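I opened the notebook to work through one chain. These are my entries on what I looked up, topic by topic.

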Amino acid sequence: MASTQWTERAACRDSDPDELFAQSAQQNRAKEVCGGCAVRTKCLAEALDNHIEFGVWGGMTERERKALLRRRPDVTSWRTVLEQAHEAFIQSRAD
């Protein structure tokens, strides 16, 4: 899958962009859209790897992403980290 093809499968693809770039408590509604999204991890990795500052991406607000980036400055590829964590989770469920 090409790096941007995931957007075609995103739960928010038909949403009003203003809902995803909401402020304060309205961000919780945007995060709900991410809850069952099939490409949530890819979306979050995109935002983290590219230091996207605004909006809800992969179920995280800009404040949450900034805090995560500060806690893990050693990460060079969030896509790799999140894919490995996803694979470990799938494997743990299979055991």
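Where is G55 found? I placed G55 in the loop between helix 3 and helix 4. Helices here are DSSP runs of H or I with at least four residues, strands are E runs of at least two, and numbering starts from the N terminus.

Ground rules next. I am working with a predicted model, where local features need pLDDT of at least 70, side-chain atom pairs count only at pLDDT 80 or more, and totals for chains, interfaces and linings use all residues. Residues are numbered from 1 along each chain as its sequence is written, and side-chain values use heavy atoms, with hydrogens and water left out.

I checked the cover on G55. G55 has 4% relative accessibility, so G55 counts as buried. Buried means under 20% relative accessible area, exposed means over 50%, and partly exposed lies in between (1.4 Å probe, protein chains only). I then looked for a contact across the chain. G55 and Q27 are 28 residues apart along the chain, and their C-alpha atoms are separated by 8.2 Å.

H51 is in the loop between helix 3 and helix 4 as well. H51 is not a glycine, yet I found a positive phi of about 50° there. H51 is exposed, with a relative accessible area of 53%.

**Entry: cysteines**

How many disulfides does a search of the whole structure find? I got 0 disulfides. The test is a pair of cysteine sulfur atoms within 2.5 Å. For C37, the nearest cysteine sulfur is that of C12, 6.3 Å away, and C37 is in no disulfide. C43 is in no disulfide either, and its nearest cysteine sulfur, again that of C12, is 6.0 Å away.

I noted the cover on each. C43 has a relative accessible area of 12% and is buried. C37 counts as buried because its relative accessibility is 15%. C12 is at 25% relative accessibility, so C12 counts as partly exposed.

Then I noted where they sit. C37 lies in the loop between helix 2 and helix 3. C12 lies in the segment before helix 1 (17–20). C37 and C12 are 25 residues apart in sequence, and 8.2 Å apart in space from C-alpha to C-alpha. C12 and V33 are 21 residues apart in sequence, with 6.5 Å between their C-alpha atoms.

**Entry: salt bridges**

I counted 3 salt bridges in the structure. Each needs a side-chain nitrogen of Lys or Arg within 4 Å of a carboxyl oxygen of Asp or Glu.

I took E64 and K31 to start. Their closest N and O atoms are 2.8 Å apart. This pair links distant parts of the chain, with E64 in helix 4 and K31 in helix 2 (residues 26–34), 33 residues apart. E64 is partly exposed, with a relative accessible area of 29%. K31 counts as partly exposed at 22% relative accessibility.

I moved on to E46 and R79. Their side chains meet in a salt bridge, 3.4 Å from N to O. Why does this pair tie together parts that are 33 residues apart in sequence? The reason is that E46 lies in helix 3 (residues 40–49) and R79 in helix 5 (residues 78–94). R79 is partly exposed, with a relative accessible area of 23%.

I ended with D74 and R72. Their side chains meet in a salt bridge at 3.5 Å, N to O. D74 is exposed at a relative accessible area of 54%. R72 counts as partly exposed at 35% relative accessibility.

**Entry: charge on the surface**

Which residues form a positive surface patch? I listed R63, K66, R70 and R71. A patch takes residues with over 30% relative accessible area and no salt bridge, joining like charges within 9 Å and nonpolar side chains (Val, Leu, Ile, Met, Phe, Trp, Tyr) within 5 Å. Lys and Arg count as positive and Asp and Glu as negative, while His and the chain ends are not counted. The place of a charge is NZ of Lys, CZ of Arg, CG of Asp or CD of Glu. Accessible areas come from the Shrake-Rupley method with a 1.4 Å probe, and for residues only the protein chains shown count as cover.

I looked up one member, R70. R70 is found in helix 4 (residues 62–71). R70 is exposed, with a relative accessible area of 61%.
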